[in-house]
Amino acid sequence: MRRQIEYQSHLIRRAEAVLANTEIFERASVAAHMGVWQCELPSERLVWSNGTYDLFGLERRSGIVRSDILRSYSDESLARLEKVRAEALEAGTGFGLDAEIHDPAGGTRWIRISATVERENGEPVRLFGVKQDITEEKQLFERMRYLAGHDVMTGLANRTRFQARFAELCEPGGPGGVLMLIDLDDFKEVNDTFGHALGDECLVEFARRLSALCQSAELVARIGGDEFAVLFGPAVGPQRIEAVAQRIIAAAEAPMNCSGRVFRIGASIGYAFTNGGAPAAVFTKADEALYAAKAAGRCAISSCDTTRRRMTAGDR
């Protein structure tokens, strides 16, 4: 009897140790925004740890049905989940997936799912694994991807993204189009007179006006300090380009009101049609046209063939 009591005490201590370890694991997984899950087959009965309930915004230990949980996934994520799950069950291998889910409160988050298939006699009997909240990681990735292709100040495409899209338009068999280069007139005087902070406001305002006028363009980019580029598709002909250029110059000449100061700038424009040329060659033509426009005076438009100066109020 004594040996039996000692043995039972030993089992109790082991059980207490297991429970303690389980509690530690639960606390650690919740702190790490992750949870353990299990899906029995073929019944599809789910077993979740506390952390998994938290990920989905559900009350812990509440009744869960897989068909209801699937409604939490976005349509795209659900389609990918069902596809990789079916493939894993067929092959007897695990899978990994990043999925977008919506909680009952209307919030959205991203989770990373890892799964292993357990088989008996060659048949899948259980899926189990870990789900982890990767919302912050996803947001950081999207922010980095945005910054890689956008100008931080104006929100327009940056030079890197411009060059990539420009190369696509010009590549053999590509759609082709028009490259328009825009350089602001009298912008240096704005910086020298009012300071760079106000100059930055001026750039942001011009970028807003330019975007509004070029909504149908392939891309609007800031490629230098006060230099901008607009890419148009092949459907845009010479007359439309001229009309857009005139509107851009008019928008640049409209009074700027930044930090309570009102002033005027201008813009010079050079453009070139791709006509099957290489990106470097087309850019050189547009740049030469812009140089000719700057040389012609304030607020001029130039293509490879002609240069026209827009008459301003001070000229009349």
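Glu-44, Arg-66, Glu-82 and Arg-85 are linked in a network of salt bridges, a salt bridge being a side-chain nitrogen of Lys or Arg within 4 Å of a carboxyl oxygen of Asp or Glu. The structure is a predicted model, in which local features need pLDDT of at least 70 and side-chain atom pairs count only at pLDDT 80 or more, whereas totals for chains, interfaces and linings use all residues. Residues are numbered from 1 along each chain as its sequence is written, and side-chain values use heavy atoms, with hydrogens and water left out.

Arg-85 is buried, its relative accessible area being 9%. For this description, buried means under 20% relative accessible area, exposed over 50%, and partly exposed in between, with a 1.4 Å probe and protein chains only. When neighbours within four places in sequence are set aside, Arg-85 is in contact with Cys-39, Leu-41, Glu-44, Arg-66, Phe-95 and Leu-127, contact meaning heavy atoms within 4.5 Å.

Most residues other than glycine have a negative phi, and most peptide bonds are trans. Leu-41 is joined to Pro-42 by a cis peptide bond, with omega about 5°. Pro-42 is found in the loop between strand S1 (34-40) and strand S2 (45-48). Glu-44 lies in the loop between S1 and S2 and has a positive phi, near 65°, although Glu-44 is not a glycine. With a relative accessibility of 27%, Glu-44 is partly exposed. A positive phi of about 65° is also found for Arg-61, again a residue other than glycine. Arg-61 is located in the loop between helix H2 (50-55) and helix H3 (66-69), and its relative accessibility of 56% places Arg-61 in the exposed class.

Side chains of opposite charge can pair when their charged atoms come close. By the rule stated above, the count comes to 20 salt bridges. Among them, Arg-60 pairs with Asp-54 at 2.7 Å, N to O. Arg-60 is partly exposed at 39% relative accessibility, and Asp-54 is partly exposed at 29%. In another salt bridge, the closest N and O atoms of Arg-71 and Asp-68 are 2.6 Å apart. Here Arg-71 is exposed, with a relative accessible area of 64%, whereas Asp-68 is partly exposed at 40%.

A further salt bridge joins the side chains of Arg-165 and Glu-168 (2.7 Å, N to O). These residues stand 3 residues apart in helix H6 (residues 159-170), so Arg-165 and Glu-168 are separated by about one helical turn. Arg-165 is partly exposed at 23% relative accessibility, and Glu-168 is partly exposed at 38%.

Two packed helices are described by the angle between their axes and the distance between the axes. Helix H7 (residues 187-194) packs with helix H8 (residues 196-213) at an angle of about 140°, the axes lying 7 Å apart. Axes are lines fitted to C-alpha atoms, for helices over the stretch in contact, and angles run from 0 to 180 degrees between N-to-C directions. From H7, Phe-187, Val-190, Asn-191 and Phe-194 meet His-196, Leu-198, Gly-199, Cys-202 and Leu-203 of H8. The residues of this contact comprise 6 nonpolar, 3 polar and no charged, where Ala, Val, Leu, Ile, Met, Phe, Trp, Tyr, Cys and Pro count as nonpolar, Asp, Glu, Lys and Arg as charged, and the others, Gly among them, as polar.

Technical notes: Helices (H or I, at least four residues) and strands (E, at least two) are DSSP runs, numbered from the N terminus.
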